[in-house]
Amino acid sequence: MNPVSGMVVDGAAVQEFLDKAEPLLEPPALPALDAALQRRTARVHREAVGWAARWALAPVSRRVNPADRIRWQPELEPIWELAAAGDGEGLVAHLAERPATPDWLLDWATYWLNIHAPEWPWWGRWVYRREGGTGALPLVTGDMEGLRDVGLVEAYGAIRQDVRFLGSVLDSTRRLTAVSDEHRPLVALGAVYAVYMFTMAAWKLTEEFTRVFPPFPVVLQTLLGVNRWEAMERG
């Protein structure tokens with residue numbers, strides 16, 4: 001998987017976002033979040049995940065209506081098998097070979113890939129959306145225009161390269177050390193995007209409206225999809 005060159009994570013930008021995020025995270029928040037991320041990876045390795053859970057636990061699934069879920073399940077089975085095997089190259093190559101895919105499929109597939117094998121990044125809509133050039137990655141890498149005109153394999157390779165570099169930045173600056181190495185880049189991206197959400201809300205909306213936002217740790221859990229797993233565990 002050959003990545004597109006020319007995009008570099010801006011360490012100063014990462015630091016600036018985390019400087020705003022970390023005061024909003026109480027000391028137990030990050031270890032608890034890391035434990036939840038590790039539990040869900042352990043769970044999918046330990047237990048079979050049926051289709052009801054495959055839909056319910058992926059955040060993007062709320063955009064897929066029940067009829068489409070039923071229609072797509074046979075075609076998703078080989079994609080699920082690649083995700084469960086941690087075969088990121090095979091999964092992205094499989095998606096790239098399809099003549100057309102719904103806009104939720106890449107998010108859904110890489111979400112499950114990341115849970116089974118955290119070294120492969122989740123290409124969620126909030127991580128990077130090619131259509132609008134938005135998401136957490138553009139906030140810390142700057143211009144990502146180069147990804148709009150390349151194939152899926154090359155684009156995902158570039159995202160993986162950026163996420164790896166982000167991990168190196170976090171290691172060198174000793175940020176988010178309460179989170180395990182494999183989950184730290186994703187948590188950092190979640191924190192970056194949560195800060196962006198709060199900043200934009202404070203800028204565009206009234207103070208009274210922004211007070212109804214969930215607490216920052218809850219927003220971060222929601223972005224990472226952790227709250228859905230915790231609800232399942234409670235149920």
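1. Let us start with L33, which is buried at 5% relative accessibility; buried here means under 20% relative accessible area, exposed over 50% and partly exposed in between, with a 1.4 Å probe and protein chains only. L33 sits in helix α2, residues 29-46. Helices are DSSP runs of H or I with at least four residues, strands are runs of E with at least two, and both are numbered from the N terminus. Not counting residues up to four places away in sequence, L33 touches V187, L220, Q221, L224 and V226, where contact means heavy atoms within 4.5 Å. The C-alpha atoms of L33 and A178 are 9.4 Å apart, although 145 residues separate the two along the chain.

2. A word on the basis of all this: the model is predicted, with local features needing pLDDT of at least 70 and side-chain atom pairs pLDDT 80 or more, while totals for chains, interfaces and linings use all residues. Residues are numbered from 1 along each chain as its sequence is written, and side-chain values use heavy atoms, leaving out hydrogens and water.

3. Next, helix α8. Its 22 residues should span 32 Å at 1.5 Å a residue, and the end C-alpha atoms, 31 Å apart, agree with that; the expected span is 1.5 Å times one less than the number of residues. Just after α8, R174 takes a positive phi of about 60°.

4. R175 is in the loop between α8 (152-173) and α9 (184-204), and is buried with a relative accessible area of 10%. Its side chain makes a polar contact of 3.0 Å with that of D19. Such a contact is a pair of N or O atoms within 3.5 Å; within protein, one must be able to donate a hydrogen and the other to accept it, and residues adjacent in sequence count only if both atoms are side-chain atoms.

5. Now for the rings, where there are 17 aromatic pairs. Rings of Phe, Tyr and Trp (its six-membered ring) pair if their centres lie within 6.5 Å; planes under 30 degrees apart are stacked, over 60 edge-to-face and the rest tilted. Y111 and W112 have ring centres 5.4 Å apart and planes at 80°, so they are edge-to-face. Y111 and W122 are also edge-to-face, because their planes stand at 65°, with centres 4.9 Å apart. Y111 lies in helix α6 (residues 105-116) and W122 in the loop between α6 and α7 (136-141), so this pair ties together parts eleven residues apart in sequence.
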